[in-house]
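Dear colleague,

I am passing on the structure below, together with some notes on one of its interfaces. Please read the notes with the model open beside you.

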4 protein chains.
Amino acid sequence: MQIGVIGAGSCSEEIARKAEEVGRAIARRGAILICGGMGGVMEAAARGAREEGGITVGILPGDDPESGNRHLAVRVATGFGHGRNVLIPRSCHGVIAVAGGYGTLSEIALTLKMGVPLVGVETWDPDGSFPVVSGGEEAVDLLFRRLEP
Amino acid sequence: MQIGVIGAGSCSEEIARKAEEVGRAIARRGAILICGGMGGVMEAAARGAREEGGITVGILPGDDPESGNRHLAVRVATGFGHGRNVLIPRSCHGVIAVAGGYGTLSEIALTLKMGVPLVGVETWDPDGSFPVVSGGEEAVDLLFRRLEP
Amino acid sequence: MQIGVIGAGSCSEEIARKAEEVGRAIARRGAILICGGMGGVMEAAARGAREEGGITVGILPGDDPESGNRHLAVRVATGFGHGRNVLIPRSCHGVIAVAGGYGTLSEIALTLKMGVPLVGVETWDPDGSFPVVSGGEEAVDLLFRRLEP
Amino acid sequence: MQIGVIGAGSCSEEIARKAEEVGRAIARRGAILICGGMGGVMEAAARGAREEGGITVGILPGDDPESGNRHLAVRVATGFGHGRNVLIPRSCHGVIAVAGGYGTLSEIALTLKMGVPLVGVETWDPDGSFPVVSGGEEAVDLLFRRLEP
């Protein structure tokens with residue numbers, strides 16, 4: 001199972017704590033965490049997953065495989081800039097969006113367009129079509145309930 | 001000057017009329033129209049621009065250069081699916097969004113992320129950060145006023 | 001009809017003359033010229049096509065729609081770096097390769113992989129599977145004979 | 001360290017044996033193996049790496065994260081077709097090319113263009129600029145000697 005975590009490259013400490021909780025909960029369920037590989041929400045989620053022994057993958061916007069945060073096990077250097085945003089929902093069985101700006105909104109929209117299950121944590125809610133909750137663990141629980149038949 | 005028109009692959013007749021008006025107004029100003037090359041809003045806008053003698057470009061999701069609507073002068077077959085959405089704001093000096101679904105929302109978000117001037121016609125308004133108007137001609141007027149110093 | 005011209009971003013005067021000849025011959029046949037949009041072979045071919053009144057399209061590696069040589073009518077800013085190489089054979093009915101380095105070799109290989117008709121002018125000949133000739137006009141003649149039934 | 005293995009989606013048993021040897025040798029050195037995720041050379045190399053307990057990543061041409069061979073730990077579904085070829089050299093510290101067709105030739109050319117260290121096993125040799133050897137283990141030894149200062 002591959003779960004995407006999307007969110008901005010910088011965030012408040014409170015949001016980082018929730019993103020880390022998301023990462024921990026994903027790894028504890030044995031799933032691989034895929035994110036955009038940069039700072040903020042992406043770094044906090046990857047740190048949480050690594051601390052639980054999970055595999056973390058960064059789909060990087062730049063073209064340097066050495067770039068990205070230090071909690072990534074695998075780094076895919078796309079060199080596509082925001083064009084890499086499409087690769088996260090496409091590669092994942094489910095996605096968690098944590099807060100975020102316009103980049104995150106583009107990924108939310110692509111996730112909805114592809115019909116991939118999505119749960120948000122204090123994030124954009126463009127049309128009420130997916131659940132947006134407050135806690136990181138709660139979000140992962142909700143996503144897995146939607147994924148497991 | 002290259003202006004993008006984004007919107008869904010199928011739409012109501014009223015929205016198609018507005019998209020065609022957008023296409024006409026873009027071509028009358030001598031700008032090149034870039035769109036996703038498919039039906040609905042994309043086809044209506046391209047038809048309008050062609051009828052005014054403008055150059056129309058389709059950035060197609062598929063990998064067949066013969067695909068896309070018949071009002072395109074140039075067809076770029078990307079084969080990237082929704083991944084091609086990033087190419088329209090990236091290649092344009094300004095963007096008009098006409099109605100649309102999740103694909104259009106992803107393009108709106110990418111346009112905002114890149115800081116490319118954007119005007120909407122009866123479309124998503126995630127945070128009130130760009131003008132959304134009712135008429136096609138009005139939208140193009142507004143966009144060019146923002147582009148011309 | 002869309003014809004791709006691939007080649008390096010810098011080249012000798014003799015190669016530039018041949019690339020310009022290729023561009024002229026493509027435009028005289030009423031076809032659209034698609035190239036990588038940069039200097040060298042790409043610029044010479046675009047200049048030739050423009051001088052004959054043809055439409056020229058640059059599929060740029062960078063993310064600035066103002067970049068690319070000044071003979072382009074349409075600029076698609078991909079921001080994908082060498083990743084944009086796949087877009088030229090994918091979008092074209094036939095391709096002419098003029099001299100070139102490793103970037104051109106990658107495009108030759110992708111063109112062969114996709115089964116798009118290819119003619120070379122003093123370029124890589126990895127396995128003798130496509131004709132490599134000396135003159136620009138000769139190459140375009142040969143390509144069109146393969147394209148027209 | 002991330003090492004790419006490139007080669008065709010179908011191959012002889014002898015080539016598969018060499019690709020498996022390449023995969024084993026990469027994993028034994030503690031490096032992550034990145035490949036195109038499909039059959040043939042990609043599958044054999046991934047199988048070898050998995051049998052040694054290594055992490056294997058498939059950069060898939062299609063858009064289904066369930067696709068690809070069964071020896072992949074991580075699957076990145078690009079949906080870019082041959083456009084995904086650029087992602088392997090971009091993401092790797094070194095690349096091994098095993099036999100292969102035009103797709104492999106495009107990846108060899110992109111690897112050379114990016115200046116990423118490359119060793120071949122019975123593969124294309126367009127200009128004698130990189131070593132092409134006969135054995136899989138030998139190729140990995142040679143690559144690591146070039147990577148380690």
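A salt bridge is counted here when a side-chain nitrogen of Lys or Arg lies within 4 Å of a carboxyl oxygen of Asp or Glu, and between chain A and chain D the count is zero. This is a predicted model, in which local features need pLDDT of at least 70 and side-chain atom pairs count only at pLDDT 80 or more, while totals for chains, interfaces and linings use all residues. Residues are numbered from 1 along each chain as its sequence is written, chains are lettered from A in the order in which they are written, and side-chain values use heavy atoms, with hydrogens and water left out.

Contact (heavy atoms within 4.5 Å) joins 23 residues of chain A to 23 residues of chain D. The buried area, meaning the accessible area (1.4 Å probe) lost on putting the two parts together and summed over both, is about 1,800 Å², and carbon and sulfur atoms give 62% of it. On the side of chain A, the residues that lose the most area to chain D are A:Val74, A:Phe80 and A:Arg90, which together make up 27% of what that side buries.

With best wishes
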